[in-house]
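Trainee: Could you take me through one part of this model closely, the surroundings of the ligand, and then show me how the sheets are put together?

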Amino acid sequence: MTTLEIKDLHAEVANPDESGEPIRILKGVNLTINSGETHAIMGPNGSGKSTLSYAIAGHPKYIVTQGSITLDGEDVLAMSVDERARAGLFLAMQYPVEVPGVSMSNFLRTAATAVRGEAPKLRTWVKEVRESMNELEIDSAFADRSVNEGFSGGEKKRHEILQLGLLKPKIAILDETDSGLDVDALRIVSEGVNRYKEREDGGILLITHYTRILRYIQPQFVHVFVGGRIVEEGGPELADELDANGYVRFTAAAGRDADTAAIGA
Ligand SMILES: Nc1ncnc2c1ncn2[C@@H]1O[C@H](COP(=O)(O)OP(=O)(O)O)[C@@H](O)[C@H]1O
Ligand SMILES: [Mg+2]
């Protein structure tokens, strides 16, 4: 059993205008994810959801100024990005990066070797990749193409889930894996996530602002994320409420809190 524990996490990014103050994005995030649990984080655009995923994965631009992240008690913030991956953390990015000149098959094998600590045996590896690609309905021709280069949005997302299945992390963070997918791709990608969950008993943090993916991947916990923190928590019924009423109730309340704080200061 694995536990990812995030406590009072604050993070900021340097202001693109160099003379400006850093931009504070995360303002006290508390969240605990155990193996086998699926948590959905739902929030409007710009609320800091991707920043949370970057802070966990160790993106160098996002500076943690307060709080802690631990994986089974180990200090994640003290780890480099690759140490975090080896420790069992995985991030499927909202905007997967293109890596011209590195073939998908080379990339997957290198990543699997790094995470597993030894090169997978070639024969079993080829079979493993082929089966995983079939499950995600990815054409075998993609193995020879450069990582994400010229892939459609949906193809990129399928390849993120291909990595998830092959790298078998303990905790998977999926940042808007549903965005830009048509209905068929949404089903295929969701089935890939559910297979990962069954096979590895992984913990999942599913970041989204639409509820439609939650029809395929059912979360036990739903967290509403507004203004850089979690403002409400509940079960799947909370997602239904968001589907019906949107985020207005939460954004309005967060605005009031910010006003009150400003007046207080
Ligand atoms: N590298 C950056 N430079 C400047 N502002 C940023 C940067 N990254 C994020 N932000 C700002 O922080 C806020 C939260 O962004 P993000 O975490 O991407 O939100 P979400 O994923 O919820 O849409 C936004 O207002 C965004 O413009
Ligand atoms: Mg985002």
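Mentor: Let's begin at the ligand and move on to the strands. Bear in mind that this is a predicted model, where local features need pLDDT of at least 70, side-chain atom pairs count only at pLDDT 80 or more, and totals for chains, interfaces and linings use all residues. Residues are numbered from 1 along each chain as its sequence is written, chains are lettered from A and ligands numbered from 1 in the order in which they are written, and side-chain values use heavy atoms, with hydrogens and water left out.

The shell around ligand 1 is made of V13, I23, I25, P44, N45, G46, S47, G48, K49, S50, T51 and Y62 (a residue is near if one of its heavy atoms lies within 4 Å of the molecule). By type, that's five nonpolar, six polar and one charged (Ala, Val, Leu, Ile, Met, Phe, Trp, Tyr, Cys and Pro count as nonpolar, Asp, Glu, Lys and Arg as charged, and the others, Gly among them, as polar).

Now for the polar contacts (for the ligand, pairs of N or O atoms within 3.5 Å). The side chain of T51 puts an N or O atom 2.6 Å from an oxygen of ligand 1, while S50 uses a backbone N or O atom, 2.9 Å from a ligand oxygen. Over at Y62, a side-chain N or O atom sits 2.8 Å from a nitrogen of ligand 1. On its own, ligand 1 has 560 Å² of accessible area, and the protein covers 67% of that (Shrake-Rupley method, 1.4 Å probe). The largest share, three residues, is from α1.

β2 takes us to an open, antiparallel sheet of four strands, ordered β2-β1-β4-β5 (strands pair if DSSP finds at least two bridges between them). β2 and β5 (74-75) have a single partner strand each, so one side of each lacks a neighbour in the sheet. Strand β4 (residues 62-71) pairs with β5 over two bridges, and T70 stands opposite D75 in β5.

There's also an open sheet of six strands, with mixed pairing and the order β6-β9-β10-β3-β11-β12. Its edges are β6 (89-92) and β12 (229-234). Further in, β9 (residues 171-175) and β10 (residues 203-208) run parallel over five bridges, with D175 opposite I207 in β10.

Methods. A polar contact is a pair of N or O atoms within 3.5 Å; within protein, one must be able to donate a hydrogen and the other to accept it, and residues adjacent in sequence count only if both atoms are side-chain atoms.
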